[in-house]
Amino acid sequence: GKMSDFDGGIRVFPPTVEFTAVEPGTFYVVTLSIRNVGKRVKRVRFVPPTNGVFSLNHTPSSGVAPGLDVQAEIELLCDKPGEYRDKLIVVTDDERIEVPLSAQPPKPDVVFDSFVQMGVVVAGETGKAELHLKNVGHEEAKWSLQLQKPEDGREFDIKFFPSSGKLCGQLPDGAEESKGDAIQREEDSSCAVTVELNNTDP
């Protein structure tokens, strides 16, 4: 058909499907909504994912009226940990929409302040500040801090207390735990590091 025949098409939501912190042997599902935003009835078909980890579950329909939507479920079940990618293709009479599918294993993700404000530290004094680390990922994180030498060759006497450690991971989305455990996890997944700067400039 000519471009003038094109009829506003369909919207797929969400436009990409991402499963995070995926554990082998656990069944996951995301519901896609395919809405007809055009002015004519549309026939919607699917080209399912092929790698065997993702699967499509839907009820075929004869046509989708303008303003209405159909649902399709993307299911995920893997038997070994890893990163998986595939795609679902949504096809109508006049367009094809690719929906990328991905699954990520649990991984650590440590966030921290991008800079530490020491203020003015006069010669012969020690400045102190705190750096906060938090593991927002789903897997335990081991961390250590090292000082990178400045390019101009100046030496800084900076120490970190502690300078390394472990941060526990967060629970998978939707998992439940007791209030006491949740408070403990909040503590064990974050850490305050004291940064000490000795100003030894003569």
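My entries on aromatic rings, salt bridges and a charged patch follow.

**Ground rules.** I am working with a predicted model, where local features need pLDDT of at least 70, side-chain atom pairs count only at pLDDT 80 or more, and totals for chains, interfaces and linings use all residues. Residues are numbered from 1 along each chain as its sequence is written, and side-chain values use heavy atoms, with hydrogens and water left out.

**Aromatic rings.** I looked for ring pairs and got two. (Rings of Phe, Tyr and Trp, the last by its six-membered ring, pair if their centres lie within 6.5 Å; planes under 30 degrees apart are stacked, over 60 edge-to-face, and the rest tilted.) I noted Phe19 with Phe54, a tilted pair at 6.2 Å centre to centre and 35 degrees between the planes. This pair links distant parts of the chain, since Phe19 sits in strand 2 (residues 17-19) and Phe54 in strand 5 (residues 54-57), 35 residues apart. Strands are DSSP runs of E with at least two residues, numbered from the N terminus.

Buried or exposed, I wondered about Phe19? Phe19 is buried at 5% relative accessible area, and Phe54 is buried too, at 2%. (Buried is under 20%, exposed over 50%, partly exposed in between, with a 1.4 Å probe and protein chains only.) I also wrote down that Phe19, Tyr28 and Phe54 make up one aromatic cluster.

**Salt bridges.** How many salt bridges does a search of the whole structure find? I got eight, each being a side-chain nitrogen of Lys or Arg within 4 Å of a carboxyl oxygen of Asp or Glu. One of them joins Glu196 and Lys128, at 3.4 Å from N to O. Glu196 is in strand 14 (residues 190-198) and Lys128 in strand 10 (residues 126-135), so this bridge ties together parts 68 residues apart in sequence. Glu196 is buried at 17%, whereas Lys128 is exposed at 57%.

Next I checked Lys142 with Glu140, whose closest N and O atoms are 3.8 Å apart. Lys142 is exposed at 68%, and Glu140 is partly exposed at 43%.

**Charged patch.** Last, I found Arg43, Arg45, Lys87 and Arg96 gathered in a surface patch of positive charge. (Patch residues have over 30% relative accessible area and no salt bridge, and like charges are joined within 9 Å.) Arg45 belongs to strand 4 (residues 45-47) and is partly exposed, at 42%.

Notes. Patch = residues over 30% accessible without salt bridge, like charges linked within 9 Å, V, L, I, M, F, W, Y side chains within 5 Å. Areas by Shrake-Rupley, 256 points an atom, 1.4 Å probe, with all protein chains shown as cover. Lys, Arg positive; Asp, Glu negative; His and termini not counted. Charge placed at Lys NZ, Arg CZ, Asp CG, Glu CD. Helix = DSSP H or I, 4+ residues; strand = E, 2+ residues; numbered from the N terminus.
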